[in-house]
Amino acid sequence: MFVRDGTLILDTGRTRPAFATLGDTVLVAAGAPFGYRAEGAVTTTTLLIDTDYLIEHLFWQYLDLIPDRDAARELAAKLYPDPIQLLRLGEQSAVRLAPTLDELGTLTETNQDAAVYFRTHALLLTTLEEIAPHLHHAPIEMPLLTARERATRVASPRWRTFRPISQEAARVAELLHHSLAERWRIKDLAAHACLSSSQLRRVFKDSFGVSPMTYLAILRVQEMARLIRETNEPIATISARVGWAPQDGQASRTFRRYMGASPSSYRRYGPPSTSPEGPGIEIRQAGTQNADSRSG
């Protein structure tokens, strides 16, 4: 909430009220108890920003330090423990932000085609850039990711030095994408690339940041997660479809390692960051059945 003129009396749950005047901004976390009243005539602009949108930006901001978006959510809770912050940006900031806030208000009332969508994001990021130096955050230590944590990301590591992908590695990656269920061995992949096994490991890791077999495991987990979300097939059948023998337990172990949940838990509740109310397929089906019973 940006105060652009006048004074607001804020009720933040503390003993004494706070006052926000021209150039002040109030940040309020979702679900935080908060109230305010105007002291005379007041002009404000309020932006409602989805929490997951901000978490996504935090994830990319600390990409070298956190493994996934669940970790970004935990980091946000540690960095910003106060549910309400009163930021004193100053009158000059208020003047700079005024045209941006006016345009944001206009654009968010129109249809979000591509041009409007990206313009809205640019304006919002400009606003957040103005706010960022004034944010209060707790001092916490940010240890670097271990080699194991980097290797077990579901996506290929994005912090590696940029290098062109070798033709041999690209051929092997394409083969894995199109023949996911094959029981690949490293020597078979090396033969396809006309390289030795050791050469393939080196060339592939230089190109994609992980070994060929880790890359294959990532692809299988992603496809397995998709099938769990979108089909009713038994977990054992899905494991076999992506190339794992269900009886040896490798599918479940690898899926849990990358996704943070067992295949059965993922089907019932979705990713670990979601609540027990969804979005697992069983929950969706139950909701559909309830709707059908009501309409009947």
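These legends describe close-up views of a predicted model. In this model, local features need pLDDT of at least 70 and side-chain atom pairs count only at pLDDT 80 or more, while totals for chains, interfaces and linings use all residues. Residues are numbered from 1 along each chain as its sequence is written, and side-chain values use heavy atoms, with hydrogens and water left out.

**View 1. Phe 204 and Tyr 215 form an aromatic pair.**
Rings of Phe, Tyr and Trp (its six-membered ring) pair if their centres lie within 6.5 Å; planes under 30 degrees apart are stacked, over 60 edge-to-face, and the rest tilted. The count by this rule is seven aromatic pairs. Here the pair is edge-to-face, with 5.3 Å centre to centre and 80° between the planes. Phe 204 lies in helix α8 (residues 197-208) and Tyr 215 in helix α9 (residues 212-230), so the pair ties together parts eleven residues apart in sequence. Helices (H or I, at least four residues) and strands (E, at least two) are DSSP runs, numbered from the N terminus. Phe 204 is buried at 0% relative accessibility, and Tyr 215 is buried at 10%. Buried means under 20% relative accessible area, exposed over 50%, and partly exposed in between (1.4 Å probe, protein chains only). Ring pairs also bring in Phe 208, giving a cluster of Phe 204, Phe 208 and Tyr 215.

**View 2. Thr 127 sits in helix α4 (residues 114-131).**
Thr 127 is buried, at 0% relative accessibility. Neighbours within four places in sequence are left aside here. Thr 127 then contacts Phe 2, Leu 47, Leu 97, Thr 100, Leu 101 and Leu 104. Contact means heavy atoms within 4.5 Å.

**View 3. The largest cavity holds about 60 Å³ of space.**
On a 1 Å grid over the protein atoms alone, a cavity is a set of points where a 1.4 Å probe fits but cannot get out; lining residues have an atom within 4 Å of a point. Grid points are joined across faces, edges and corners, and a volume is the space filled by probe spheres set on the points. The whole structure has two cavities of 30 Å³ or more. Residues lining the largest one include Phe 2, Arg 4, Asp 24, Leu 97 and Leu 101. Helix α3 gives the largest share of this lining, four residues. The lining has six nonpolar, three polar and two charged residues. Ala, Val, Leu, Ile, Met, Phe, Trp, Tyr, Cys and Pro count as nonpolar, Asp, Glu, Lys and Arg as charged, and the others, Gly among them, as polar.

**View 4. The largest pocket holds about 1,400 Å³ of space.**
A pocket is an open set of points with protein on both sides within 12 Å along at least five of seven lines. This pocket is lined by 39 residues. Leu 27, Leu 54, Tyr 80, Leu 128 and Leu 135 lie nearest its centre. Its lining has 28 nonpolar, eight polar and three charged residues.

**View 5. Asp 52 and Arg 73 meet in a salt bridge.**
A salt bridge is a side-chain nitrogen of Lys or Arg within 4 Å of a carboxyl oxygen of Asp or Glu. The structure has nine. In this one, N to O is 2.8 Å. Asp 52 in helix α1 and Arg 73 in helix α2 are 21 residues apart. Asp 52 is partly exposed at 44%, and Arg 73 is partly exposed at 36%.
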